[in-house]
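The notes go from whole chains to single residues.

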Amino acid sequence: MPGNETKPSSETPTHIALPAPTMWPMVTAFGITLLVTGLVTNLAVSVVGLVVALVGAVGWWRDVLPADRHEHVPVVPPSERAQPVQVAAGRVEHLKLGQAGHRVRVPAEIHPYSSGLKAGIAGGAVMAVLALGYGLIRHGSLWYPINLLSAAAVPTLATATTEQLRAFSSTGLAVGIFAHGVVSLLVGFVYAVMVPMFPRRGWLWAGIVLPLFWTGLFYGTSKFINPALAGRVDWPWFVVCQIAFGMVTGYVVARSERIETRQTWPLAARIGIESQEERE
Amino acid sequence: MPASSLNPAVPIPQAAAAERPSIPSILHEWVTTTDHKRLGLMYIMAGLLFFVISGCMAALIRVQLAFPNNDFLPPQMFNRMFTMHGTAMVFLVGMPIIAGLMNYLVPLMIGARDMAFPRLNAFGFWIFLFGGGLLYFSYLAAPGLSGAGSAPDVGWFAYSPLTGKAFSRGHSTDYWILSIMISGIGSIASAINVIVTVITMRCRGMTLMKMPMFVWIVLVVAYLIVIVLPPLTAAQIMLLLDRFLGAKFFDTQAGGSAVLWQHFFWIFGHPEVYVLILPGFAVATEIIPVFSRKPIFGYAVMVGASVMIGFISLGVWAHHMFTIGMSAMSNTFFATSTMLVGIPTGIKLFNWLGTMWGGKIRFKTPMLFCVAFLFQFLCAGLTGIMLAVAPFDWQLSDSYFVVAHFHYVLIGGLLFTIFGAIYYWFPKATGKLLSEKLGKWHFWVFLIGFNLTFGPLHIAGILGMPRRIYTYDVGRGWDVWNLLASIGVIFQAVGILFFVGNILWSLWKGKKAGDDPWDAWTLEWSTTSPPPPYNFEVLPEVRSRRPLWDLKHPTDPDWKYE
Amino acid sequence: MAAASSPTISAAAEWKLPSKRKVGLICLLATESALFTIFVVAYLFYLGKSLNGPYPKDILSPPWLASVALLSSSVTVVLAERAFLRGNLGRFKLMLFVTIALGVFFLGATALEWKRLITHDQFTISSNLAGSTYYSLVGLHASHVVIGLLLLSLVWVLSLANWVGPEQHERVEMLSWYWHFVDAIWIVVFTVVYILGR
């Protein structure tokens with residue numbers, strides 16, 4: 001190994017063979033240069049160049065034929081050789097599983113998707129209660145918020161007057177329940193995945209940040225998606241409803257039992273050879 | 001083996017010399033050397049010399065363009081200036097400095113004593129040097145269209161039919177052709193040498209996937225040179241035949257196609273710019289891990305990305321020709337392939353960031369240059385992708401936007417990493433550290449100057465300023481940008497002065513470097529600074545990508561994890 | 001550290017890397033192939049585009065005999081190599097001489113054809129596009145034949161003086177690979193110029 005001075009010096013040679021220095025490559029290069037220079041100056045230069053190049057080539061050949069010419073370079077005395085590589089002071093600390101930087105995809109333990117389902121239902125229910133409450137208190141009608149939501153998909157509702165929106169509409173109810181239910185479940189799934197990604201009390205932060213995010217998104221796009229609703233949104237109530245949804249969903253997810261991803265298991269357990277109990 | 005009879009009396013530098021060697025014997029040593037380290041240093045010194053000369057030409061160009069309707073340089077001289085500046089920078093600065101880095105570092109990094117063909121190595125250097133001399137000799141010897149002694153003035157890419165016998169009288173264009181042709185032979189020789197060395201001379205245990213990334217990238221560069229320089233040689237031979245023997249290759253009167261020259265030139269020219277920038281990547285991939293105290297993020301992906309760049313870059317050449325009227329199909333194909341080649345490059349950029357992320361970064365001068373490289377190369381890459389959009393290119397082709405783009409690549413990308421490389425490996429080559437203080441002055445002054453010069457030129461280009469014009473009118477909105485660009489040159493010049501001063505001062509009074517001043521991990525740091533002629537007393541054996549890390553941390557060696 | 005616990009490759013295992021000369025020659029052949037490719041592309045690009053005669057289809061006739069000679073020289077050079085490996089230096093010198101002779105015959109035939117084209121048909125490198133592409137492509141190939149013949153002759157002369165021993169085997173092998181390459185290029189050139197080009 002380089003610089004390994006514990007080896008006896010009899011292993012290190014006293015001379016090392018290296019290719020002998022030679023001027024013939026340079027002479028050949030010069031000859032070729034003269035050869036082409038003659039094309040733009042005087043052909044006599046080219047003739048000289050050809051001769052020089054041939055002389056250089058012959059000299060070069062004699063350097064390599066019959067065998068490469070070597071010179072023996074003396075090995076420098078030990079005091080001038082490379083120092084042995086010092087072992088670094090201190091040990092390298094190994095990262096532990098789950099520690100920042102360790103090669104698992106965090107989080108190493110996740111919430112089951114079923115918790116997302118349950119959370120979505122819970123959050124959706126709470127949000128529905130709040131929204132219906134708004135409809136009753138502000139507009140005296142339970143059907144008002146439901147119809148507004150459905151107005152995105154139902155054309156008659158989209159062009160309806162406020163009076164008509166307060167009235168019961170079977171299509172509105174059906175579409176509204178369907179839309180609200182599906183979206184609540186889907187967002188519930190999203191929460192199941194994302195809550196562990198938020199710092200500390202994930203459900204709290206997820207419950208505030210995510211609703212604000214999609215509120216902003218809705219604010220920007222509602223004109224195109226649901227014009228009837230866009231003009232009529234009572235933003236404070238809207239935000240309250242979304243945050244309520246978020247916090248309830250987040251809380252339900254966070255309270256669910258975590259399951260381990262298999263990243264932290266040894267390979268044998270992961271591919272199913274050993275059962276979980278035997279791992280301990 | 002008989003001892004050499006050629007130089008019995010020439011002393012080896014490291015051995016205790018009986019008396020100081022005389023100047024002729026030193027000269028003789030350097031002229032006859034086949035040692036890859038000496039040749040590498042000669043390549044770099046020659047490249048830096050041409051850099052200063054060509055840089056002065058650029059400064060003159062910027063003086064002429066600082067004000068509208070300036071008459072500092074007459075138009076014919078201006079044409080020669082930008083032709084010589086471009087030609088010299090690509091062929092006499094970029095290629096040799098890269099060849100120098102490759103030749104110096106590859107044997108050391110793979111644990112070999114020399115390159116595979118040391119005499120061919122020497123030949124390559126000398127023919128490059130003589131070729132460069134031939135190019136500048138044209139100033140003295142080529143009677144051009146106007147007056148005695150003129151250098152080529154047809155642009156660095158020498159488009160037909162301007163280069164035909166009828167339009168470029170005299171021999172100035174021939175000097176361009178011949179000097180580049182013979183320098184090209186040197187480049188091909190170097191490249192073959194690198195490929196053979198890397199494939200056949202790695203030390204025991206160093207499989208291809210255990211080589212330093214520098215060696216991998218340089219292998220891709222060498223392969224590109226071998227494939228891509230012959231098209232240039234072929235096109236130049238055709239042009240020579242046209243000019244000397246009346247052949248009709250690019251003679252439009254006889255049915256020849258001037259566009260064919262463009263195709264052939266850019267089949268060479270585009271991969272050539274990857275040949276120029278990939279070594280910059282190689283240097284960054286060595287410096288960033290060491291100064292972030294982390295191994296390179298995603299070694300296998302970096303290898304894959306480099307190889308992909310090598311292949312895809314062969315298929316993008318006509319993005320230099322969007323404005324000549326190719327079919328919509330061609331334009332689309334080349335626009336797509338150009339965008340595609342940005343993907344592996346982007347992957348590498350993310351890998352460098354990933355290396356720095358979570359590392360303990362030491363902002364020494366080599367690292368400063370590499371960090372600046374990351375930012376500037378990003379700008380360059382993005383403007384490149386903008387130009388890949390064919391309609392965008394129809395507006396901005398041959399404008400200063402393109403000039404700004406490629407100077408961001410070549411200066412902001414390549415030159416900055418070359419500076420980093422010099423600050424990083426100068427201690428290894430000379431045994432002395434370069435001054436950190438002067439290095440930082442060099443870095444900051446040059447950074448300001450470079451960005452001040454080429455940042456505003458993007459805007460001038462968008463405002464319509466074409467390339468290769470020797471002056472411009474007032475009132476086009478270009479004045480302030482050109483003036484700023486020219487002021488930037490002053491800063492760049494001062495930065496270079498700091499650099500040269502640093503080198504000279506450190507050679508004289510620099511701190512002793514020792515074997516391994518940066519606490520690095522590749523094999524070149526295991527031998528003395530400077531290394532003995534034979535590199536290693538005993539050829540090393542490696543078991544991982546970071547052999548010195550394994551030695552420094554025997555309880556936690558890399559081969560446990562690779 | 002070197003021979004410590006379970007090294008990646010055992011100390012006794014061989015660390016074999018390809019031969020320098022072989023890889024070097026392959027790189028050289030790759031570079032030459034790239035060079036020839038551009039001339040072939042130019043030839044094909046300009047097919048039929050000459051503005052004036054003489055036109056290839058009128059004046060070019062495929063040099064069958066010369067081609068057979070050149071391709072046979074690949075066979076004889078293999079025979080020479082085999083003889084060299086077996087230590088049969090006499091046969092080696094003979095086969096090498098035949099190879100050179102066949103190559104010289106090829107060059108001679110090419111020279112005669114060019115003489116005819118230039119003097120009789122006024123077909124030169126500057127007469128039209130076809131002339132430019134023809135002479136440059138065939139000429140480039142011929143120059144490679146010349147270099148090959150010079151190197152083969154050098155080896156032959158050295159072998160006459162008994163300076164070529166068994167340790168030169170790889171060098172001789174590389175020269176034969178180069179010669180095979182020259183022949184392979186001729187197949188391509190022949191097809192492009194004399195078959196496709198008419």
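1. In this predicted model, the centres of domain 1 and domain 2 of chain A, taken over C-alpha atoms, are separated by 84 Å. The domain assignment places domain 1 of chain A at residues 15-74 and domain 2 at residues 109-263.

2. Chain A as a whole holds twelve helices and four strands, and 30% of its 280 residues are buried. If you take the contacts in chain A with a separation of 6 or more, residues 24 or more positions apart account for 70% of them.

3. At what angle do helix α4 and helix α7 of chain A pack? Helix α4 of chain A (residues 143-150) and helix α7 of chain A (residues 170-194) meet at about 75°, and their axes are 8 Å apart. Since angles of 65 to 115 degrees count as roughly perpendicular, α4(A) and α7(A) are therefore described as roughly perpendicular to each other. On the side of α4(A) the contact is made by W143(A), I146(A), N147(A), L149(A) and S150(A), while α7(A) brings G172(A), L173(A), V175(A), G176(A), A179(A) and H180(A). Sorted by class, the residues of this contact between α4(A) and α7(A) are six nonpolar and five polar, with no charged residue among them.

4. The meeting of chain B with chain A deserves a careful look, for 50 residues of chain B are in contact with 45 residues of chain A. On the side of chain B that touches chain A, the elements giving two or more residues are α1 (23-32), α4 (118-141), α5 (172-200) and α15 (547-552) of chain B, and the largest share, ten residues, comes from α4(B). That side of chain B has 27 nonpolar, 14 polar and nine charged residues.

5. Along the principal axes, the C-alpha atoms of chain C fill a box of roughly 75 × 45 × 20 Å, and 34% of the 198 residues of chain C count as buried.

6. Leaving aside residues up to four places away in sequence, L463(B) touches G477(B) and W478(B).

7. N69(B), a residue other than glycine, has a positive phi, near 55°, and it is found in the loop between α2 (36-65) and α3 (75-110) of chain B. N69(B) is exposed, with 8 other C-beta atoms within 10 Å. For Q122(C), in the loop between α4 (89-120) and α5 (129-160) of chain C, phi is likewise near 55°, and Q122(C) is exposed, with 12 other C-beta atoms within 10 Å.

How values were computed: Residues numbered from 1 in each chain as written. Chains lettered and ligands numbered in written order. Predicted model: local features only at pLDDT ≥ 70, side-chain atom pairs only at ≥ 80, totals over all residues. Axes fitted to C-alpha atoms, helices over the stretch in contact; angles between N-to-C directions. Parallel < 35°, antiparallel > 145°, perpendicular 65-115°, else oblique. Contact = placed C-beta atoms within 7 Å. Nonpolar A, V, L, I, M, F, W, Y, C, P; charged D, E, K, R; others polar. Domains from an automatic or database assignment. Buried ≥ 20, exposed ≤ 12 C-beta atoms within 10 Å, placed from the backbone.
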